[in-house]
Amino acid sequence: MAKFGRKNDEAKEPETIAPPATPAAAPPSAPTQPSPPLAPERVSSSSSDLIRDQVFNRIDPAVAVRLTKNELTLRVDDLVASIANEQRLLLNQSEQRNLATSIVDEMVGLGALEPLLRDDTITDILVNGPRMTYVERRGKLDLTALQFRNDAHVLHVAQRIASSVGRRVDESSPMLDARLADGSRVNVIIPPLSLRGPCISIRKFSRTMMDIDKFIQLGTLSADLAHALEIAARCRLNILISGGTGSGKTTLMNALSRMIDQSERILTIEDAAELQLQQPHVIQLETRPPNIEGRGQITQRDLVRNALRMRPDRIIVGEVRGPEAFDMMQAMNTGHNGSMSTVHANSARDALARVENMILMANVNLPNRAIRAQIASAIDLVVHTERMRDGVRRVTEVVQITGMEEDIISVGNLFVFKYLGENVDGTLRGVFEGTRVRPRFLPRLDYYGLGPGFMDALGASEQRAG
């Protein structure tokens, strides 16, 4: 069996210089000596660093890379126990196991961030330099006790993330957008742009798919609103989901995508792959940043144009944020019904204004009325989500595009969330109200045989949320 240490003599060297195992070896006539130097000492942070450094010095990388993570953890655990005995450091079983796990995380993972990544209750991890790390649980930010050793320690984790996706982060390239192997989205910014040291922002995604029923349980939707959105997705309406950062736009789009028929060919286009579609015929496309020489960039607009040549039934753009909005509207207007996308906005009407501004970024030299007419023709529904002050993400309005009134896009509410008050536990009370307005796209719903179901959901009694 291959040795785990670098060399046999290196592994044995500390034993030759270790102090005697017990003070009993001293002659009886010798004067009484103080015992603390020989007594085990409770491990401290400096002692942990000492053990950590000695473990790294004794490990042979050529052997370590051939081990599985579990095998590596067992070997490191034995090595930690051996070094603690040599240095007269007192470690209980839990401390020894935790230290060994953290060392392995440093070797093959993201170090101190690994416990947070394994915690399914955490949705966001925000590292603000070495001494301050926040996490988001249930929509609320909490300061953790996690601390890195120094700026270099944080930078090492950031560089490991960058290298895993074939990128780099340093002073010449101080910003990074990437994703982890589990699909979590990562942003890194380091000095000199960040004055607080290296900062890492990780948006985690649930390992289990959120379905519509789960949204109802959480109070994001009412049963009637959920049924209406399911019908809209099934009947191939073009849907734009708007909201602020962390308001649940992508998660909601994932849930709505489950209504897409299994026989359809779906193309997804994203900056960092986040969508988790369950259909068998899904093609995922991802943008590519420029290389070190500034060449080779592939933008979302390039991918949307290419997607039109791939015979898609539906095109789903993770987030529209630039000139690709023009090509997305073109796709929606040329037979690719049922397409979906998200956009950052403060309200449903603001979302339409943002789309218009992004189309202007494409330098298409079209009059404003022509751009607005194209938007009004392309989009059927705008669903606006919001993370409210109680931490719950809710759909606050669903509007339909009814057409044009002179040069203005005309919209009408189908569902709105009406705030009623606050519960004793701090959660908000409200109702999802249907407006009982006949939607413009009702003939399409009738074509699929789901028009009456949509109207029932729209005109049903109010469903309470909270």
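## Overall composition

Of the 466 residues of the protein, 47% count as buried. The model is a predicted one. Its secondary structure comes to 16 helices and 18 strands.

The accessible surface is about 23500 Å², and carbon and sulfur atoms hold 51% of that area. Among the contacts with a separation of 6 or more, 58% are between residues 24 or more positions apart.

## The six-stranded sheet

Six strands make up an open sheet, in the order β5-β4-β3-β8-β7-β6, and their pairing is antiparallel. The edges are taken by β5 (140-143) and β6 (175-179); each has a single partner strand, so one side of each has no neighbour in the sheet. From one strand to the next, the twist averages 15 degrees. In general, the strands of a sheet pair through backbone hydrogen bonds, in either a parallel or an antiparallel manner.

## Pairing within the sheet

Strand β3 (residues 122-128) runs antiparallel to strand β4 (residues 133-137), and five bridges join the two. Within this pair, Asp124 has Glu136 of β4 as its bridge partner. β3 also pairs with β8, again in the antiparallel sense and over five bridges. Here the bridge partner of Val127 is Ile200 in β8.

Strand β8 (residues 199-203) is mostly covered, with four of its five residues buried.

## Helices α4 and α5

Two packed helices are described by the angle between their axes and the distance between those axes. Helix α4 (residues 69-86) packs against helix α5 (residues 93-108) at an angle of about 125 degrees, and the axes are 9 Å apart. At that angle α4 is oblique to α5. The crossing of α4 past α5 is right-handed.

On the α4 side, the residues that meet α5 are Lys69, Leu72, Thr73, Val76, Asp77, Val80 and Ala81. The α5 side contributes Gln96, Arg97, Leu99, Ala100, Ile103, Val104, Asp105, Met107 and Val108. An α-helix has 3.6 residues a turn, so residues three or four places apart point the same way. Leu72, Val76 and Val80 of α4 are among the residues in this contact.

## Helices α12 and α14

The axes of helix α12 (residues 324-332) and helix α14 (residues 368-378) come within 9 Å of each other and cross at roughly 50 degrees. This angle makes α12 oblique to α14. Their crossing is left-handed. From α12, Phe326, Met329, Gln330 and Met332 take part in the contact, where they meet Gln374, Ile375 and Ala378 of α14.

## Burial of α14

Which residues of α14 are buried? They are Ile371, Arg372, Gln374, Ile375, Ala376 and Ala378. Gln374, Ile375 and Ala378 also meet α12. The cover over the buried residues of α14 includes α12 and α13 (348-360), together with the strands β15 (393-405) and β16 (408-422).

Key: Residues are numbered from 1 along each chain as its sequence is written. This is a predicted model: local features need pLDDT of at least 70, side-chain atom pairs count only at pLDDT 80 or more; totals for chains, interfaces and linings use all residues. Side-chain values use heavy atoms; hydrogens and water are left out. Two strands pair if DSSP finds at least two bridges between them. Axes are lines fitted to C-alpha atoms, for helices over the stretch in contact, and angles run from 0 to 180 degrees between N-to-C directions. Buried means under 20% relative accessible area, exposed over 50%, partly exposed in between (1.4 Å probe, protein chains only). Contact means heavy atoms within 4.5 Å. Accessible areas come from the Shrake-Rupley method with a 1.4 Å probe; for residues, only the protein chains shown count as cover. Angles under 35 degrees count as roughly parallel, over 145 as roughly antiparallel, 65 to 115 as roughly perpendicular and the rest as oblique. A crossing is left-handed if the near helix is turned anticlockwise from the far one by less than a right angle, and right-handed if clockwise.
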